[in-house]
Amino acid sequence: MPTLTVLYGTPTDPDAFRRHYEAVHVPLATALPGATAVRYALDVVTLAGDAPVFASFRAEFPTRASLDAALASPEGQAAQADVPAFASGGVTILVEGD
């Protein structure tokens, strides 16, 4: 099952990131058409040292075509356009699976 994974680096203002992410971005990201098992985490930690990731988002899709269509949709475009508004620590976007 293809999974969209978004990893957010540590922002310059963690509190502002949290506020924007939960109030604005999560509603945009969870509106991706066809997404299933959507989940996110803030304040990601590792078992060894500092975490290079502050937050993560994952959404599963039934097919790679449905993932691609979701990203190209108006909802996907809105979510992508919002990222620069809060992700001052950088972002890595991964697609896992076929």
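Reader: How many bridges join strand 1 to strand 3?
Author: This is a predicted model; local features need pLDDT of at least 70, side-chain atom pairs count only at pLDDT 80 or more, and totals for chains, interfaces and linings use all residues. Residues are numbered from 1 along each chain as its sequence is written, and side-chain values use heavy atoms, with hydrogens and water left out. Strands are DSSP runs of E, at least two residues, and helices are runs of H or I, at least four, numbered from the N terminus. Strand 1 and strand 3 run antiparallel, and the bridges joining them number 6.

Reader: Which residue in strand 3 is the bridge partner of Tyr 8?
Author: Two strands pair if DSSP finds at least two bridges between them. For Tyr 8, the bridge partner in strand 3 is Ala 55.

Reader: In what order do the 4 strands form the open sheet?
Author: The edge strands are strand 2 (36-42) and strand 4 (91-96), each pairing on one side only. The pairing is antiparallel, and the order is 2-3-1-4.

Reader: What angle does the direction of helix 1 make with that of strand 2?
Author: Helix 1 packs on the sheet and touches strand 1, strand 2 and strand 3. Contact means heavy atoms within 4.5 Å. Axes are lines fitted to C-alpha atoms, for helices over the stretch in contact, and angles run from 0 to 180 degrees between N-to-C directions. With strand 2, the angle is about 170°.

Reader: Why do the buried residues of helix 3 line one face?
Author: Buried means under 20% relative accessible area, exposed over 50%, partly exposed in between (1.4 Å probe, protein chains only). In helix 3 (residues 74-82), Gly 76, Ala 79 and Asp 82 are buried. The arc is that of the directions from the helix axis to the C-beta atoms. Seen down the axis of helix 3, the buried residues line one face because they fall within an arc of 130°.

Reader: Which residues are exposed on the other side of helix 3?
Author: Cover for the buried residues of helix 3 includes helix 1 and helix 2. On the other side, the exposed residues are Pro 74 and Ala 81.
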